Amino acid sequence: MRVAESIVVNAPPERVWELVSDPERYLHFMSGITRWSVEGERATGLGARYRMLLRVGSAEVGGLIELVEFKPGRDLAWTSVTGIDQRGRWRIRERGGASRVELRLQYGVAGSGIWGWIAESLAARTVRGHLRRSLQQLKRQVEHEQLRVQAAERRSARAAS
């Protein structure tokens with residue numbers, strides 16, 4: 001099953017990337033995530049691994065994931081190593097001083113036949129809602145930070161004059 005959501009954030013891609021690329025901040029803006037912890041020596045970048053769990057109904061699903069693409073300011077993608085079969089991707093594109101942010105998640109239960117397909121289809125509504133809320137929370141945090149940075153720059157400019 002593949003689900004995707006997108007949103008426009010009124011901040012440059014670099015500001016969005018600061019949150020998306022920082023595993024310490026995922027629990028602050030990712031809806032439904034009950035666990036996102038670094039596994040191993042590498043905390044960020046290509047090859048970094050995380051233990052990730054997502055609440056879907058009464059179950060927590062996920063497993064160990066590994067970053068397979070890491071293009072600063074643009075793309076971050078992962079795939080599962082253990083647990084539920086999944087692939088995810090953040091895409092950030094500049095759009096006239098703002099950023100278009102897309103979050104995609106593809107998941108499945110390997111070899112589960114028709115019953116697995118039914119379970120995946122039922123979960124899709126919940127997962128899509130988590131993606132949508134995650135993007136809304138990301139937008140709020142990034143735009144708030146952007147306003148804070150702009151206010152600090154104005155204060156510095158006034159103090160310098």
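Trainee: Which residues touch the most other members of the largest nonpolar core?

Mentor: Keep in mind from the start that this is a predicted model. The core in question has 35 residues, and its largest share, seven residues, comes from helix α3, which spans residues 113-160. Leaving aside neighbours within four places in sequence, one member, L138, is in contact with V16, L19, V20, F29, W90 and V101. The residues that touch the most other members are W90 and L138.

Trainee: How confident is the predictor in the protein chain, and which element has the lowest mean pLDDT?

Mentor: The mean pLDDT of the protein chain is 91, and 91% of its residues reach 70 or more. A caution belongs here, since where pLDDT is low, the predicted coordinates should not be read in detail. Among the elements, β5 has the highest mean, 97, whereas the lowest, 85, belongs to α3.

Trainee: In what order do the strands of the open sheet lie, and which ones stand at the edges?

Mentor: Strands of a sheet pair through backbone hydrogen bonds, either parallel or antiparallel. Here seven strands form an open sheet with antiparallel pairing, in the order β1-β7-β6-β5-β4-β3-β2. Two of them have a single partner strand each, so one side of each is left without a neighbour in the sheet, and these edge strands are β1 (2-9) and β2 (33-39).

Trainee: What is the average twist from one strand to the next, and which helix packs on the sheet?

Mentor: From one strand to the next, the twist averages 20°. The helix that packs on the sheet touches β1, β4, β5, β6 and β7, and its direction makes about 155° with that of β6; this is helix α1, residues 13-20.

Trainee: Is helix α1 largely enclosed by the rest of the structure or largely open, and which of its residues are buried?

Mentor: Being buried means having under 20% relative accessible area. Six of the eight residues of α1 are buried, so this helix is largely enclosed by the rest of the structure. The buried residues are P13, R15, V16, W17, L19 and V20.

Trainee: Where is M52, is this residue buried or exposed, and which residue is its bridge partner in β4?

Mentor: M52 lies in strand β3, residues 49-56, and belongs to the covered face of that strand together with Y50, L54 and V56, while R49, R51, L53 and R55 make up the uncovered face. With a relative accessibility of 5%, M52 counts as buried. Strands β3 and β4 run antiparallel and are joined by eight bridges, and the partner of M52 in β4 is G63.

Trainee: How far apart are M52 and I65 in space, C-alpha to C-alpha?

Mentor: When residues up to four places away in sequence are not counted, M52 touches I33, R35, W36, V61, G62, G63, I65 and Q86. I65 is therefore one of the contacts of M52, as contact means heavy atoms within 4.5 Å. The two residues are 13 apart in sequence, and their C-alpha to C-alpha distance is 7.1 Å.

Trainee: Which residue of the hairpin of β3 and β4 takes a positive phi?

Mentor: This hairpin has two residues between its strands. The phi is near 65°, and the residue that takes this value is G57.

Trainee: Which residue forms a salt bridge with R35?

Mentor: Side chains of opposite charge can pair when their charged atoms come close. R35 stands opposite L53 in β3 and counts as partly exposed at 36% relative accessibility. In its salt bridge, the closest N and O atoms are 3.7 Å apart, and the partner is E39, which at 28% is partly exposed. The residue asked for is E39.

Trainee: Is E102 buried or exposed, and which residues form salt bridges with E102?

Mentor: With a relative accessible area of 12%, E102 is buried, whereas R91, at 25%, is partly exposed. The side chains of R91 and E102 meet in a salt bridge at 3.8 Å, N to O, and this pair links strand β6 with strand β7 across 11 residues. E102 also forms a salt bridge with R104, where the closest N and O atoms are 3.4 Å apart. The partners of E102 here are R91 and R104.

Definitions and conventions. Residues are numbered from 1 along each chain as its sequence is written. This is a predicted model: local features need pLDDT of at least 70, side-chain atom pairs count only at pLDDT 80 or more; totals for chains, interfaces and linings use all residues. Side-chain values use heavy atoms; hydrogens and water are left out. Helices (H or I, at least four residues) and strands (E, at least two) are DSSP runs, numbered from the N terminus. Buried means under 20% relative accessible area, exposed over 50%, partly exposed in between (1.4 Å probe, protein chains only). A nonpolar core is a set of buried Ala, Val, Leu, Ile, Met, Phe, Trp, Tyr and Cys residues joined through side-chain atoms within 4.5 Å. Two strands pair if DSSP finds at least two bridges between them. Axes are lines fitted to C-alpha atoms, for helices over the stretch in contact, and angles run from 0 to 180 degrees between N-to-C directions. pLDDT is the predictor's confidence in each residue, from 0 to 100. A salt bridge is a side-chain nitrogen of Lys or Arg within 4 Å of a carboxyl oxygen of Asp or Glu.
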